[in-house]
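Have a look at the sequence and the model first, and then read on.

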Amino acid sequence: IYNIKEKKLNTLLVGRLEEDNGAKIYLGALSKLKEQGIAYNLTVCGDGKFRREFEGYGSVKGFVPSLNKYIDRADFIFASSYLSILEALFRGKKVFSVFQNELKEDYLNLSPISKFISIASDADFLTEQILFAIKNPDITYSKTNLGQRWAARQTWGNVANIYLKLWKS
């Protein structure tokens with residue numbers, strides 16, 4: 001049996017540390033993981049109102065000019081913005097996103113990225129999704145691999161063509 005408490009997860013959070021970006025949900029999940037004895041190293045590339053709270057769980061770098069080295073080191077990525085999610089998928093990472101209002105819910109769930117990421121509206125469900133990903137690496141790998149292949153096809157030209165088609169409708 002795989003012991004999820006033996007491996008320390010390298011976790012990266014990307015984005016503004018504000019309520020509208022799901023900061024409280026991410027904080028709640030980090031707390032629940034800690035309570036359950038799940039070991040993780042958290043790095044945060046972002047800043048905002050909840051900076052101090054996140055400093056209690058890991059290292060807050062603030063906004064950085066390049067995310068490359070941070071993404072490459074991460075096992076899991078918390079991100080709720082489209083381009084951050086796309087970059088994480090392109091690099092073959094497991095992505096967890098949250099929403100706290102209907103607009104963000106639609107933004108995440110109605111996007112093609114929804115097939116390749118985990119989406120939650122509260123800390124309990126986010127924690128469940130993280131634990132599932134840890135306990136089921138084969139399923140997680142398959143979903144992440146499909147996401148990586150999809151993201152590789154999302155060139156600027158392809159994305160621009162999608163927007164042109166959308167606005168011509």
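Helices (H or I, at least four residues) and strands (E, at least two) are DSSP runs, numbered from the N terminus. Helix α4 is followed by glycine 92, whose phi is positive, near 75°. Please keep in mind that this is a predicted model: local features need pLDDT of at least 70, side-chain atom pairs count only at pLDDT 80 or more, and totals for chains, interfaces and linings use all residues. Residues are numbered from 1 along each chain as its sequence is written, and side-chain values use heavy atoms, with hydrogens and water left out.

**The sheet**

Let us begin with the strands, where two of them pair if DSSP finds at least two bridges between them. Six strands make an open sheet with parallel pairing, in the order β3-β2-β1-β4-β5-β6. At its edges are β3 (58-60) and β6 (118-120), each of which pairs on one side only. On average, and ignoring direction, neighbouring strands are turned by 20° against each other; here axes are lines fitted to C-alpha atoms, for helices over the stretch in contact, and angles run from 0 to 180 degrees between N-to-C directions.

| Strand pair | Bridges | Residues opposite each other |
| β2 and β3 | three bridges | threonine 43 and serine 59 |

How much of strand β1 (residues 9-14) is buried? Five of its six residues are, where buried means under 20% relative accessible area, exposed over 50%, and partly exposed in between (1.4 Å probe, protein chains only). From β1 the chain crosses through helix α1 (residues 23-35) to β2, in a right-handed β-α-β crossover. Right-handed says that, with the strands pointing away from the viewer, the path from the first strand over the helix to the second runs clockwise.

**Helix α4 and its cover**

Helix α4 spans residues 82-90, and its buried residues are Ser84, Ile85, Leu86, Ala88 and Leu89. Their cover includes β1, β4, β5 (94-98), α5 (102-109) and α7 (137-152), with contact meaning heavy atoms within 4.5 Å.

**Helix α6 and its neighbours**

Two packed helices are described by the angle between their axes and the distance between the axes. For helix α6 (residues 123-135) and α7, the angle is about 100° and the axes are 5 Å apart. That makes α6 roughly perpendicular to α7 (angles under 35 degrees count as roughly parallel, over 145 as roughly antiparallel, 65 to 115 as roughly perpendicular and the rest as oblique). Phe132, Ala133, Ile134 and Lys135 of α6 meet Pro137, Ile139 and Thr140 of α7 in this contact. Five of the contact residues are nonpolar, one is polar and one is charged. In these classes, Ala, Val, Leu, Ile, Met, Phe, Trp, Tyr, Cys and Pro count as nonpolar, Asp, Glu, Lys and Arg as charged, and the others, Gly among them, as polar.

Two residues of α6 deserve a visit. Isoleucine 134 lies in this helix and counts as buried because its relative accessibility is 6%. From isoleucine 134 to cysteine 45 there are 89 residues in sequence and 23 Å in space, C-alpha to C-alpha.

Threonine 127 also has its place in α6. Why does threonine 127 count as buried? Its relative accessibility is 3%. Leaving aside residues up to four places away in sequence, threonine 127 touches Ala29, Lys32, Leu33 and Gln36.
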